[in-house]
Structure formats: C-alpha cells, structure tokens
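Let's walk through a structure together, step by step. Have a look at it first, and then we will talk about what you see.

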Amino acid sequence: MNDVILSRIAEALTWTGRYVERADATSRILDAYLHRLLEDPWRDEDVACRSLYAILGVDAGAERVDMQQVLDQLAFDARSTCSIEGALGAARLNARSAREAVSSEMWECLNSTWHALADQRLAARRTGPYAYLELVRRRAALFFGLADSTMSRDDSWRFVVLGRSLERVDMTVRLLSVRVLDAAHAPDWPTLLSASGADEAYARVYGGFGDTPRVAEFLLLDRDFPRSALHALTTAEECLAALGRPRQDPARRPIGRMRTRLEYLDLAALEEQLPLLLHDLQQACTASAEAVAERFFPYQGPVEWAQEGA
Amino acid sequence: MADIFDAYALADAWDEMFERPGEVRAAYEPVLAALQPIEPGELRFRADQMARAFTDRGVTYAFAGEERPWPLDLVPRILDALEWDLVQRGVSQRVRALEAYLSDAYGPCRAFEDGVVPWRLLLNSPHFHRAAHGIEPPGGVRIHVAGIDLVRDEAGDFRVLEDNVRVPSGVSYVIENRRAMTRIFPSLFAEQHVVPVDGYAQRLLAALRAAAPDGVGDPRVVVHTPGPSNAAYFEHALLARLMGVQLVEGHDLACRNNRVWMRTTRGEMPVHVVYRRLDDDFLDPLHFRPDSVIGCPGILSAAQAGTVTLANAVGNGIADDKLLYTYVPDLIRYYLGEEPVLPNVESYRPDEPGQLDAVLDQIDQLVIKPVDGAGGQGIVIGPKADRDTLERTREAVAADPRGWIAQRPVALSTSPTLAGDRMAPRHIDLRPFAVNDGTDVWVLPGGLTRVALQEGNLIVNSSQGGGSKDTWVLAEGPAERPHVLDFARTGGTHIAEDPDGGDTALDVVPRQLGPDGARGVVQEGAQQQ
C-alpha cells in the first residue's frame, strides 16, 4: 500500500540527498584548500580564498578575505545553504518533514550530527577545522550508507539518489569551472583532485600524479569513479528512467543528452571545448531539476478565501 | 549502607512504591532491589545517557521555546495484574458510555429527552457542531482513540480526572519510554514479566482500516498532521511510520466531488480514512475557521457524503467537556446499565442553581478548571493560589458558570523520582490509551504516567514542566519467557538450541578461506631492517 509517495515527501527526500552531498563536497573542498594553503606559504591567501568563494557560488565581498572568514561563511554559517552547517541543517529539516519516509537510523544520523556540530565548531576554533570537516564527511558517508542498507529500492530511494547525483555533477562542474575560467588564480590540478576525493582513484587509473589537464578528463569522463560527472549523470538518468515516463521525458532528456555527449566526446578536443561543456552541464542539471520539480512536486499554496460581497 | 532511598520521606499522599517508610509494596520489590545498590553518580550517568539518546532520536518537546529531550524518570511506575484489570475495565466502560452519548447527541437525543443530561449542556457547548449531525460513522465508532486521565487518591483508589476523546496525544512517549528503558536499564526488567506496549500501532491500524467507508476493499489510511512545528509532530511521524502509512499535511490533500485525494508523484490517489491530529476548528476552512491553512477544504463534506472516515469524528468535543464529565457516571448507568468501575473526583457544577454559591464560598478549598482547557492551562488550585488569583477566578466563575467546574483537590499519589542525586516523592497521574475498532475497546497495557517534577506540584503536563515514567503492567504469574538479559548473555545463539536435533540448525557462519596467516605475519615482520 506504500507503492506511492507524496509529492511533498519526494521533494524533501531529493533535497535531503542534495544537501548532505553538498555538505560532503564542501567539506572536501575546504579541506583540500586549507591543506594546500598551509603547504605553500607563498600563496596569496586572499586570492585563494576568493577562488573558493567562486567555486561555491558565494559573493566574497570587496574586503580582503582570509581563511577564518572562509570557515565562518562556508562552513559554520547556519543560515546559508551554501555552507556546511546550513546544508546539514536544511537536510535535517527536510528529513524531519519526511520523517515517515526516511528510516529512523537515517534521521538519527542527521539529527545527532546536527547536535554534534556545535561542539565540533567550538573545538575547531581551538585546534583547527580538520576534525569538524572530517566529522561532516564521515556522517555524510554514514547517512548514505544507512540509506543504502535501510531503504527499499523504491521511488523514495530514487529521489534521494537523484538529488545526490545532480548535486555531484554540479559540484564537480563548479570545481572545474574555476580552473577553466580563471586558471591563474585557480587551485592546481592535484588540489582539484583531492577536493573531489579522487586523488587515489586517479593515481590508480593514470599512474602517478595528477599534474595535467588529464585531471579534467578524469573528473568528467571516468566511467567508474562515482564522483565523475559521467558516472553521476548515468546514475541520475537511471533514477529518472525508473521514476518517469518511458519516452519524451523532459526531466530525462537534458541528462541523457549530456551523458551521451560525454560518452562520445572527442578527447583531443576536450580542452578547447571544456568551457562550453561545463556550461552545458550545469544548464542540463538545472533544466532537469526544474522538470522534475514541475512533474513530481506540483506546489499547492495555501488556499485563501475571499468574503463574498466584502 | 547509605543509598538513594535513605532520605526518602513519604509525602502526604498515597505512595506508589512504599506502604509506609521502609516497607515496599510487593510489585516494587524487584525494582527496589535492583535500584538500591546503584550509586547516585551512576544513576545520573544513565539519566544523561537517556537524555542524549532522546535528543539524537529527536524525541524532544518544546519548553519555553527551547528543544529539550523528553524527560523520562528512571524509576518505573508499576501496576500489578489486578490493578490493571480494574483500570482497563473502567477505561473501556467509560469509552463505551461516551460513544453511546455521542451517537445519541448527534442522533435521537434520548438522554436529553429523558432528563439524564440537561439540553443546555449540549446546546451551549462550543464543540457541538451541527455539521456532524447525521454523519453515521462506519461501525458506529466516533472515538477511535481515547486517552482517559486517571489519578490515585489518598486512599489508593483510581479516579477519573478527565476524558480526552478529541485528539489525545502522548502514546508515542509510552512506546519511546519503554524502548529507552529496556536499553538503558535492562537489569530492571530481569525479575518481572512486563506486558509489552509495541502492539499499539498494529491495533490502531486495524481499527482505522475497520473504520473505512463501506465497500472499500483495501482502504488507504493516512495520518494528518498540522506540520513539523506542532509539539506532537514526533508522535504523528512515529505512528505513521509504525503503521506504514503516509503522513500528510493539509496541502497534500485535495477534495473534489466529495472525495479526498492525496497528491503523490504518481498522480492523485484516493484516501479513505484520515487519522487527523488537528482540532475540529482547523480541520476544514469551509466549515470551521476560514483562516486555517493546515486543514483540508471540503474534507468534512466528504465525511458527510460517507466517502472518507475522520478519526476521531468531528464534534467529539461535547463528550470531553469537563462539565459533561460530571454526568458520565450517570451516562454509564443510563446507556450501559452498569455501575461505574472507576469513580469521578467529587465535583461541583457552578451552572446549577445553588452550586454556584457553594463554589464561590469555598473557592479557596477547591480546584477550579475551565471546561475546555487542555494541557493543564487555566487550572487554579484553591489552597495554593494567592488572594489575587482567587479573586480573579471568583469573578470569572460568577460571570460564566457554564465555563467552569470545581473539584475537591485530590492529593495525587506520589512515586519516587530522581531529584538531584536522591529519590524524592513526586505526584503522578496516568493516561491509559484506548482504541475502539467497533467490536472491542482495547486498552494499551500501561499508558503514560506523567510526573510533576517540582516538589508538591500537582500539575503534571509536560507543557508545565512535567516529566514521565515508564509504566509497567505486570503479567499474571511469574516471569516465564526469556527476557532481554538472557538473550544478551547467551550472545543471541538461540537457534542452536533446537531440541529436535540437527535438521533445522543452521550451518556454521561462512568465513574467509585462504592460507593461515600466522606464518605470513612472521615473515612480513622479519623484513624490517
């Protein structure tokens, strides 16, 4: 009798998946940046921090920015869903409003994480943010692990995975965009790799260090690495195929097209096509997310009544 | 040896655990024996662990704008099989009488014609909804779920304090309390057979399905919540999850052609039974408050047309009006031809000639309650109130006698409760929950015991800073089934104890095959230079 899910719940599940993935990715990116800054004391902190803001789509303002401000705004700010804490808070609220659809263990994971963040944040002021960032990554892994082992592979599950996959593509595209658009001030390729958690996987596939544009190829086109754009797109497409119409599905079309384009891409032309490709990738994800919302989450505002004759 | 019960001084009330100082009641012997040797620090540690577990699970309530873990005291409240038999019969009798009253009041009105209850009681009630007239609920059930508040008086007798037949809440805490206690304090359960409480959701679902409109083969049941900001949201979500049904908010539902639909990712699906957890006033803006944004416009018309069942039914408020409460013993005699199993607390009806003056004269010795207050709001306890409050109450009662009842103050029974690092007596009540499926009124064994955490306080509601206790109903006879601890001790290997021998016994657990690692480790270790 639970073969269907409410539209409101489906939306909440999608965003839960999305926000947890965003917290995870943001934590990885911050970690990689912090590490790089410490290793390379000649780097300009302001410039490095600005490129971080650019990746995460947050306005850095006109003042000089330093790492502490970055942490305050991109990690600890509970009001912005672009920061780790805000994303986890939003994930928790979404899971809470879908309390009967997510398993108790998943909810407890998010809820206890939320309650643990305050202590970790205080500790981070004293001993540095690593423990905080690590906690976030571990709990994100725990959350998706619990989703994997406690949720039936029904539509609820697909909405969670769909949200996560779309967010993955988005984050990978953002990382690469900074490098492409503003190479001089962008992080170097190894930092990009570790910011995607891909350094070890890359090393196994290509052997050796990721100090080449081949990193872009890996992050976009690798078939096996779960955070690559191609892999995430394929997963999103599978979810949509199971959720939506068999053909002429406006949510699946942009994703499917992008996936085929990536699959049959001429590698020699990758570098030159990269800016356009990244732009199209982001567009495709947005278009698909909008189509999903339109189809599955029709919003019904509160009904208002007019007094007759008034 | 000094222990946490040493300084326990009985209050001026019936104590649940001790007959007189140092003399424990039989049902509590094993629990006292288990608690006594525990150091205060250890108890505090367990209490903190419990609070943490509740916070993590989201079992919280809002107090003074702050999210606090659900307060559960470590000492259980115990009812033996005999006591429970009485409570259960009394509660079920009361629910049956109130059902009969509702069906009468929204139908032939015999009790009013026969002079058992005055007409004005019905016609003045703000909860008497004409829209509910003529809705013939399937199975004749209007009170699918009831919560009857009981107290134990100075002599140790249970009395009914009030009836809740609109949207009684608190059952989730019964389930969560038991879950927490078996995890934090498994040793307490070792000696006694406590009747489990986890059958509630199943009973509720069965009752709700039984209440579906006629002719619906596979009814779809939903729980209708006001939303995550509601204080009882946790309960709504828990019940929906345990029953495996959708938890809907008002805007998830739509009504068309007198049918109720819910919006899903696969289009609109029909809904047949709505277990609604919001008040009548907010349920349907077409009939009641037009500014309600949490209700579903048209749902009452659908109920009138008989395509959907609302649980509990609209208009039940006339049956848990506190003035009607004073008539319930008469209703039991009138409708059921039985004597009440559980007596009321002696009460005055200020709206009757003569009684108003009696109430006003001795207002400083009575408990004054508004007839439709909930959550302990508006209650004035005469002996404890200051002059100003009494004066204001006197005026309010004189101005609106129909709006108040007065009762003899009952010194609620006390139970040892952890206060700081000692046990101290605190007042408690009991709210058993009853589920009516149309053929049988089932009472969940135990119920919610609420405890007033401040010394001497008589109001136990959590919205007034109250706590709770796990409530045990003991099964008759000695404990027989293997309990929690046994299982833990044997490491969960019950499968191997098959008396018939090997046929059904499972194979040994698969393990990773490969070379025995010992030699490799030695060699690997030797490579160090």
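How many residues of chain B are in contact with chain A? The answer is 27, and they touch 24 residues of chain A, where contact means that two C-beta atoms, placed from the backbone, lie within 7 Å. By class, the side of chain B that touches chain A has 11 nonpolar, 7 polar and 9 charged residues. Here Ala, Val, Leu, Ile, Met, Phe, Trp, Tyr, Cys and Pro count as nonpolar, Asp, Glu, Lys and Arg as charged, and the others, Gly among them, as polar.

Before going on, please note that this is a predicted model, in which local features need pLDDT of at least 70, side-chain atom pairs count only at pLDDT 80 or more, and totals for chains, interfaces and linings use all residues. Residues are numbered from 1 along each chain as its sequence is written, while chains are lettered from A and ligands numbered from 1 in the order in which they are written.

Now turn to chain A, which has 13 helices and 0 strands; helices (H or I, at least four residues) and strands (E, at least two) are DSSP runs, numbered from the N terminus. Its C-alpha trace spans about 70 × 50 × 50 Å along the principal axes. Of the 310 residues of chain A, 47% count as buried, meaning that 20 or more other C-beta atoms, placed from the backbone, lie within 10 Å of a residue's own.

Finally, find two helices of chain A: Tyr202(A), Val205(A) and Tyr206(A) in H9(A) meet Arg214(A), Val215(A) and Phe218(A) in H10(A). This contact has 5 nonpolar, no polar and 1 charged residues.

Note on methods: A residue is buried if 20 or more other C-beta atoms lie within 10 Å of its own, exposed if 12 or fewer, and partly exposed in between; C-beta atoms are placed from the backbone.
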